[in-house]
Amino acid sequence: MTTQAPRFWRSIPQRYNLLGTHCNRCNEYFFPPRNLCPNCRRGAHLEEYTFKGTGTIVTYTTIYNATEEFERLTPYNLAIIQLDEGPKITGQIISCSEEVKIGMRVRPVFRILGKEGDRGIIYYGTKFAPLIEPSCLESAEGLLNSAKESD
Amino acid sequence: MVSGIVSYGVYIPRFRIRVDEIARVWGDGDDISEGLRVFEKSVPDLDEDAVTIAVEAARNAIHRGGVDPKRIGAIYAGSESHPYAVKPTGTIVGQAVCTSSSYTAADFEFACKAGTAAIQACLGLVTSNLIDLGLAIGSDVSQGAPGDMLEYTAAAGGAAYLIGSRDLAAEIEGFYSFTTDTPDFWRREGMPYPEHGGRFTGEPAYFKHVTNAARGLMERMGTEPKDYDYAVFHQPNGKFPVRVAKILGFSKKQIEPGLIVPMIGNTYSASCLIGLAATLDIARPGERIFVTSFGSGAGSDAFSIRVLDRIDDIRCNAPSVRDFIGNAKYLDYAMYAKHKGKLRI
């Protein structure tokens with residue numbers, strides 16, 4: 001079988017952790033990473049930058065008829081997400097209880113992006129899910145109280 | 001050297017299926033969930049496996065502890081559902097949590113106790129001062145053949161523990177293991193589903209190993225059940241941990257905070273580690289937790305843990321076990337079969 005392993009391997013930093021670049025001179029962020037700042041050109045001060053991964057859905061579509069590799073996932077939502085630092089990227093919104101909406105805040109999650117059949121490598125990377133805040137204090141207090149009451 | 005838990009994190013997929021729904025499909029009695037004391041179980045999403053769950057749990061552990069991942073010197077990932085037979089889960093986790101490349105990694109398998117074995121390996125490296133921090137993970141998308149009793153409980157989830165010797169949230173005061181060659185549950189190479197010895201998985205396997213490990217540790221440490229505020233035992237169903245607690249002399253109150261199997265099922269390598277996390281979610285500094293895992297094949301690891309002041313500083317930096325349990329979306333059996341790959345297209 002032929003494998004895309006080298007191609008996948010080269011993009012691991014971007015796929016796993018949204019590694020892009022940032023121009024220190026004009027303060028613009030780039031994803032995927034750029035070697036040249038189109039604003040500052042030769043005067044650019046580019047550095048690697050790992051995006052937080054939080055952002056806002058700009059637009060989305062629901063896929064009902066997918067290519068063979070993705071047909072198990074249908075129906076699924078594909079969105080353009082504007083990251084908080086500025087760049088827009090395309091990503092899958094994982095199934096969520098809320099209906100996907102334009103303007104919805106999202107966070108990154110680590111998922112399988114694809115597989116080379118049953119024998120090849122598994123591609124992992126970033127998808128997006130609705131942003132949730134932990135509420136551990138309330139639940140911890142509630143649980144502690146219920147444990148004490150049941151004694 | 002004092003060593004223990006610097007931070008912890010869990011991940012439980014949000015999909016659930018009710019045990020009664022599985023029983024409906026296979027024509028089993030309505031009372032099966034009552035008999036097992038398991039009412040629903042977690043189900044992985046279509047694009048989740050033991051690696052993605054391990055990464056999410058590890059990221060939560062690192063975020064909760066505010067730890068620089070470059071400090072991690074070892075990653076041991078325990079699972080019986082590693083997606084690759086050859087290609088480590090630990091290296092994918094390391095890359096995804098942004099460690100340096102200067103760490104050792106290996107994947108562990110010991111049925112449901114591979115995660116606690118990973119903690120022991122990290123403790124060894126930390127206490128001998130060979131590494132600064134170790135990342136021990138238990139993660140599984142466990143399998144149960146359609147119609148088999150395992151299908152009622154085989155669930156998905158993960159827990160990650162950062163093991164170190166400074167900035168501890170909890171001290172591991174001691175551990176003790178009990179291991180024998182007991183063929184109670186197994187999966188042969190290339191087979192999609194495990195096999196088990198039915199009732200043989202009870203007395204000669206679970207109860208013998210858990211009680212011996214627990215008593216061995218208490219004897220070594222000179223402690224008794226009353227010296228502990230909480231206890232967590234491996235949870236293949238809702239009955240076994242309750243019964244073994246009673247045998248050993250622990251009360252219902254001691255095991256209640258960590259008894260999560262009725263809501264999420266048996267998460268195998270993550271089972272008692274998620275139970276421990278649920279207990280750490282509510283434990284106060286100074287309290288003590290007794291933990292005993294069980295892995296078929298068979299063995300048990302018992303730990304004595306003392307919660308320290310730092311727990312209050314880090315607890316709310318990541319989602320609690322109850323946050324994950326409360327965020328549930330229910331599937332019928334058809335969607336469950338799709339999620340678990342039981343439907344061949």
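Analyst: Chain A has 151 residues, and 20% of them count as buried (20 or more other C-beta atoms, placed from the backbone, within 10 Å of the residue's own; exposed means 12 or fewer, and partly exposed is in between). This is a predicted model, in which local features need pLDDT of at least 70 and side-chain atom pairs 80 or more, while totals for chains, interfaces and linings use all residues. Residues are numbered from 1 along each chain as written, with chains lettered from A and ligands numbered from 1 in the order written.

Let's stay with chain A for a moment. Its secondary structure comes to three helices and eight strands (DSSP runs numbered from the N terminus: H or I of at least four residues for helices, E of at least two for strands). Among contacts in chain A (C-beta atoms within 7 Å) between residues at least 6 apart in sequence, 49% join residues at least 24 apart.

Now for the backbone of chain A. A:T74 and A:P75 are joined by a cis peptide bond, with omega about -10°. You can find A:P75 in the loop between β4 (55-63) and β5 (76-83) of chain A.

B:D167 has a positive phi, near 55°, although the residue is not glycine. Look for B:D167 in the loop between β7 and β8 (170-182) of chain B. With 16 C-beta neighbours inside 10 Å, B:D167 counts as partly exposed. B:Y268 is another non-glycine residue with positive phi, also near 55°. It belongs to the loop between α9 (261-264) and α10 (271-280) of chain B. B:Y268 is buried, because 33 other C-beta atoms lie within 10 Å.

Chain B is assigned domain 1 (4-169 + 312-339) and domain 2 (171-309), with bounds from an automatic or database assignment. The C-alpha centres of these two domains of chain B are 16 Å apart. In the contact between them, 49 residues of domain 1 of chain B meet 44 residues of domain 2 of chain B. On the domain 1 side of that contact, α5(B) gives the largest share, six residues.

Key. Two residues are in contact if their C-beta atoms, placed from the backbone, lie within 7 Å.
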